[in-house]
Amino acid sequence: MKRSKEDLLNPFFKEIYPNWQKEIPELKTAFAEERFIKGEQLINDWGDLYLIVDGIFGKYEKTCPVRYAIGGESLMIPNQRHAYQFTALSDCRTYRTSLKQLYEINGNNSKVFCLYANLRDKQQIYLDYRHKLLSLHNEDKYDFVFDKYPDILSHITQKELARFMGISIELLRRILREREY
């Protein structure tokens, strides 16, 4: 059964702003569906907001992975000069809007500001994930990563995962052998 656009957007907004459909109906038209095939890069327009319905994206600083974003999460392109690249690690379905569109809606409906501020707060939680990961003892990193991304190795190499976790490839392989991955 095909789900409506409103049904697909609802999980992103309902926790932050339960009455968004009635109080900020303009949001529905601000987001356009975009699909990506594995290996394709996001358009890197400053301030763009992607809501990931299905799939997984990698965020890289040059070639170093700094974040993975999965279905149900948002991905905000920084609103200033940056060196990040965002790559689809699987076929993905997203809804995208620009910061400009959100500003325009906010001009007529100031409730958008509250919603956007909450989305930015959630974005910071996603960014803090890797900082927490890197602060953990090496043996605890496996559970931390695989609890959030159980099938990550079907999308990236062991070498990339080791870089993301801040450990050597040899240590990762030993941990995987011990866990019988």
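The structure is a predicted model, in which local features need pLDDT of at least 70 and side-chain atom pairs count only at pLDDT 80 or more, while totals for chains, interfaces and linings use all residues. Residues are numbered from 1 along each chain as its sequence is written, and side-chain values use heavy atoms, with hydrogens and water left out.

The protein has 8 helices and 7 strands, where helices (H or I, at least four residues) and strands (E, at least two) are DSSP runs numbered from the N terminus. The radius of gyration, taken over C-alpha atoms, is 18 Å, close to the 16 Å that the globule rule (2.2 Å times the number of residues to the power 0.38) gives for 181 residues, so the protein is as compact as a globular protein of that length. Along the principal axes, the C-alpha trace spans about 55 × 40 × 30 Å. Of the 181 residues, 45% count as buried; buried means under 20% relative accessible area, exposed means over 50%, and partly exposed lies in between, with a 1.4 Å probe and protein chains only. The accessible surface, computed by the Shrake-Rupley method with a 1.4 Å probe and, for residues, with only the protein chains shown counting as cover, comes to about 10100 Å², of which 49% belongs to carbon and sulfur atoms. Among contacts (heavy atoms within 4.5 Å) with a separation of 6 or more, 66% come from residues 24 or more positions apart.

In helix H4, which covers residues 99–108, Leu99, Leu102 and Ile105 are buried. Seen down the axis, these buried residues fall within an arc of 120 degrees, so they line one face of H4; the arc is that of the directions from the helix axis to the C-beta atoms. The face turned away from this buried side carries the exposed residues Lys100, Tyr103, Gly107 and Asn108. The buried residues of H4 pack against H3, strand S2 (49–54), strand S7 (92–97) and H5. The axes of H4 and H5 (residues 111–135) come within 7 Å and cross at roughly 145 degrees, the axes being lines fitted to C-alpha atoms, for helices over the stretch in contact, with angles from 0 to 180 degrees between N-to-C directions. At this crossing, Leu99, Leu102, Ile105 and Asn106 in H4 meet Lys111, Val112, Phe113 and Tyr116 in H5.

Ile24 lies in the loop between helix H2 (20–23) and helix H3 (26–30), and it counts as buried at 0% relative accessibility. Leaving aside residues up to four places away in sequence, Ile24 touches Tyr17, Asn19, Ile105, Asn109, Lys111, Val112 and Leu115.

In helix H8 (residues 169–179), the buried residues are Ile169, Leu171, Leu172, Ile175 and Leu176. They cover an arc of only 160 degrees around the axis, which puts them on the same side of H8, and they pack against helix H6 (138–148) and helix H7 (158–165). The face turned away from the buried side of H8 carries the exposed residues Glu170 and Arg177, and Glu170 counts as exposed at 53% relative accessibility. Just after H8, Glu180 takes a positive phi of about 55 degrees.
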